[in-house]
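Colleague: Could you take me through the aromatic ring pairs, and say how the rings are placed and where they sit?

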Amino acid sequence: MSENTDALAPREEETDVHFEPVIRLTEQVDAKTHEEDEDVVFKMRAKLFRFDSASTEWKERGTGDVRLLQHKESKKVRLVMRRDKTLKVCANHLITSDMRLQPNIGSDRSWVWKVAADYAENPPTSETLAIRFANSDNAAQFKTAFEEAQKGNAELSGTPVPVADAPEEDEDKDEVKEKKEDEEKKEDAEKKEEEKKD
């Protein structure tokens with residue numbers, strides 16, 4: 001084979017370039033997350049959304065690990081979620097007794113709840129948040145952990161624990177009232193029959 005002697009042909013050059021740093025960084029800097037005094041009670045990967053009332057649509061806040069953190073001294077539990085890679089906080093709020101986890105319409109693997117003050121942004125804002133998990137089992141585990149944290153925080157603060165199974169709709173209340181009235185009528189009828197026998 002003949003060598004390419006064309007002067008315009010690109011040549012492979014071997015380069016071994018090495019630059020010495022101008023300043024050596026020898027001091028380690030500790031980055032504080034303010035989560036050092038807390039224990040992880042629950043941790044699972046999820047995607048978080050917030051409802052934007054101006055445009056009336058759901059906006060994605062981030063994907064990452066949602067964690068329930070319990071403070072070592074006060075024992076209160078808060079929800080913290082950081083985005084993958086950047087670790088920017090996308091949710092940070094205390095779990096209170098007035099929050100209601102409601103299933104998202106059309107999905108068995110997501111939950112919606114309202115937050116009075118979410119500290120992910122500065123200043124804290126009132127938000128409607130939705131969280132979606134990989135499957136319905138993970139969503140059920142989150143709901144259980146969330147409600148346990150809610151009960152624990154309510155007991156610590158002395159507020160009454162909400163009853164999740166109480167009927168909220170007027171129709172349900174009417175049905176319950178009718179059943180009670182029917183039972184009372186049956187009891188009255190039984191008492192009258194016993195009195196007639198005596």
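Modeller: The aromatic pairs

A search of the whole structure finds six aromatic pairs, where rings of Phe, Tyr and Trp (its six-membered ring) pair if their centres lie within 6.5 Å, and planes under 30 degrees apart count as stacked, over 60 as edge-to-face and the rest as tilted. The model is a predicted one, in which local features need pLDDT of at least 70 and side-chain atom pairs count only at pLDDT 80 or more, while totals for chains, interfaces and linings use all residues. Residues are numbered from 1 along each chain as its sequence is written, and side-chain values use heavy atoms, with hydrogens and water left out.

In one of these pairs, tryptophan 113 and phenylalanine 142 have ring centres 6.1 Å apart and planes at 40°, so the pair is tilted. Because tryptophan 113 lies in strand β6 (residues 110-118) and phenylalanine 142 in helix α1 (residues 136-157), this pair ties together parts that are 29 residues apart in sequence; helices (H or I, at least four residues) and strands (E, at least two) are DSSP runs, numbered from the N terminus. Tryptophan 113 counts as buried at 1% relative accessibility, and phenylalanine 142 does at 0%, where buried means under 20% relative accessible area (1.4 Å probe, protein chains only).

Tryptophan 113 also pairs with phenylalanine 146, with centres 5.8 Å apart and planes at 55°, so that pair is tilted. It links distant parts of the chain, since tryptophan 113 is in strand β6 and phenylalanine 146 in helix α1, 33 residues apart. Phenylalanine 146 is buried, as is tryptophan 113. Ring pairs join Phe42, Trp113, Phe133, Phe142 and Phe146 into a cluster.

Key. Buried < 20%, exposed > 50% of the residue type's maximum accessible area, 1.4 Å probe, protein only.
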